[in-house]
Structure formats: structure tokens, C-alpha cells
Amino acid sequence: MCWNKSLFAKAFGWLVLLLVLNPGLGVGLAGQPTNTGLDGHLVALPAPDTRGTLPLETTLSKRRSIRRYQDSALTLPEISQLLWAAQGITSKRGFRTAPSAGALYPLELYVAAGQVEGLGVGIFQYLPQKHALQSIETGDQRAALARAALGQQPVKLAPAVFIFAAVPGRTAAKYGRRSLRYVLQEVGHAAQNLCLQAVALELGSVAIGAFSDEDVARILKLKDDEIPLYLVPVGRVK
Ligand SMILES: Cc1cc2nc3c(=O)[nH]c(=O)nc-3n(C[C@H](O)[C@H](O)[C@H](O)COP(=O)(O)O)c2cc1C
């Protein structure tokens, strides 16, 4: 009995230590992410809608690059749906809405939130496995991102800007020199998913490729092995 008690105390001690070192772990253990918004904590996202209402053909025929948005906030369910469309997990094996060479998933997805109901202002990283957002940086980074994108106003004025980045090494480990092609093909799949989802939500978006890699990487605090690939501002159509 005594042995059991000391074992329990030890296990409890390890659990506390683990949670102190990695607060995000609380998500898995408690079942529900801590919805504290900022400070490196996780923001739980509403479950995605996997049925929708707009037929694919209508969505395709309505897709256009939209660069002017209403001065109106997006909602957390809309952000959740857009993230899921781009990189959400859709199978028990961890496969996603967009294909990935060797299922190695080199893409990382961020959102610079400026006006989103239920979400703080700042930069967040999407965690597909948890369908949650992790705070990376507080404060409105849209103007800085717009400057990095050669002053493009949609980046500054959209309520939210999605940023696709990639860690090419994940794919290169298996595919070597062919991996760069694969990573670029993958971001096309994922970004198109997001743009089509925007149409289905009656939102506007534009895929932006013209920006300073160094400046976007600095604003997003990307690691040395990670490269920015696309900025996608999203807002309500004017
Ligand atoms: C790789 C790529 C990079 C792009 N970069 C920009 C950009 O930096 N700024 C912008 O306003 N639009 C950008 N676009 C959007 C194109 O200008 C747009 O797709 C094109 O004018 C056709 O219009 P549509 O998308 O409405 O069919 C880019 C599109 C692609 C595919």
C-alpha cells in the first residue's frame, strides 16, 4: 500500500513537471484546449463544417482574387473553417484536406489576426492535430506584413492574413532535390483550398506571392529551416 502511495506521488510529480515544462500538453490531457487567447497558450477552434451549402461548381465559378474588404471583423468559426480547409486533418491516419508528397506535411500555416471576434490580435500558428491555434506573437502585425509585401494594401486592411510557410527539409529527407517542386506544388493545393473555402463562406481572398522572404520570416519568427511561401488576406467582400 505504502509502495503504491509513493509510486502515485512520484507519477503525480512527473505529471506536474511535464505540464509546467509544456503547458500545451494540457490540451491532450484535459481534452479541451485552454482558451486563454494569448501568452503562448492554445485557442480552441470550433469544429469545422464538413458539409457546406455551396456546390463545388458554383464555388469554382465564383472564385476571384478579391483585394478590397469591408471594415468588418471575421468570426472564430470562419477562421476555423478556413484553416481546416487549408490543412485540416480528415482521416484517422492524419491525412489532410490537401495532398502531401509521402504524407510528410512540410507546410506550416499561420494567421495574422487583426479583427477577429473571439481571437486576440496577433500572430497564431495552426496546429492541425489539435485543430487549435497557438499564439506566436502579440500585437497587430498586418501593417508590417504589408510593408514586407511591397506595400500591398489588402495585407494591411484585411481582418486576417493567412501565411503559408514550409519546412522543406521534411520532404527533402525522402525526396532530395525533387522536394522543392513538391513543396511548391503542395502550397498551391492548400492555398487553393483556402481560397475556395473563402468563396463558400462568402468571403474574399487573394493569394500574394510578392514579398520579402526575410521580412516575413522575421515578423513571423520563423526558424532558420522554414521559408514563407504565400500571404492570403481574407475579408468580407466590399
Ligand atoms: C503565384 C501567384 C502569386 C500572386 N501574387 C500576387 C500578389 O503579390 N499580389 C496580388 O495582388 N495578386 C497576386 N496574385 C493573384 C493574381 O494576380 C491573380 O490570380 C490574377 O490576376 C488572376 O485573377 P483571379 O485570381 O481573380 O482569377 C498571385 C497569384 C499567384 C498564382
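View 1. The model is predicted, so local features need pLDDT of at least 70 and side-chain atom pairs count only at pLDDT 80 or more, whereas totals for chains, interfaces and linings use all residues. Residues are numbered from 1 along each chain as its sequence is written, and side-chain values use heavy atoms, with hydrogens and water left out. Strand β3 covers residues 107–113, and seven of its seven residues are buried, so the strand is largely enclosed by the rest of the structure. Strands (E, at least two residues) and helices (H or I, at least four) are DSSP runs numbered from the N terminus.

**View 2. The partners of strand β3.** Strand β7 (residues 160–166) runs antiparallel to β3 and is joined to it by seven bridges; two strands pair if DSSP finds at least two bridges between them. Opposite A112 stands V161 of β7. Strand β5 (residues 122–127) is also antiparallel to β3, with four bridges between them. Here Q125 of β5 is the bridge partner of Y110.

**View 3. The crossing of helices α7 and α8.** The axes of α7 (residues 168–175) and α8 (residues 179–200) come within 8 Å and cross at roughly 135°. Axes are lines fitted to C-alpha atoms, for helices over the stretch in contact, and angles run from 0 to 180 degrees between N-to-C directions. The two helices are therefore oblique to each other (under 35 degrees is roughly parallel, over 145 roughly antiparallel, 65 to 115 roughly perpendicular, and the rest oblique). From α7, the residues P168, T171, A172 and Y175 make the contact, and from α8, S179, Y182 and V183; contact means heavy atoms within 4.5 Å. These residues divide into five nonpolar, two polar and no charged (Ala, Val, Leu, Ile, Met, Phe, Trp, Tyr, Cys and Pro are nonpolar, Asp, Glu, Lys and Arg charged, and the others, Gly among them, polar).

**View 4. Residue Q81 in helix α4.** Helix α4 (residues 76–87) contains Q81. Q81 has a relative accessible area of 7% and is buried. Apart from neighbours within four places in sequence, Q81 is in contact with P48, D49, Q197 and L201.

**View 5. The protein chain.** The chain has nine helices and nine strands. Of its 238 residues, 45% count as buried.

Note on methods
Buried < 20%, exposed > 50% of the residue type's maximum accessible area, 1.4 Å probe, protein only.
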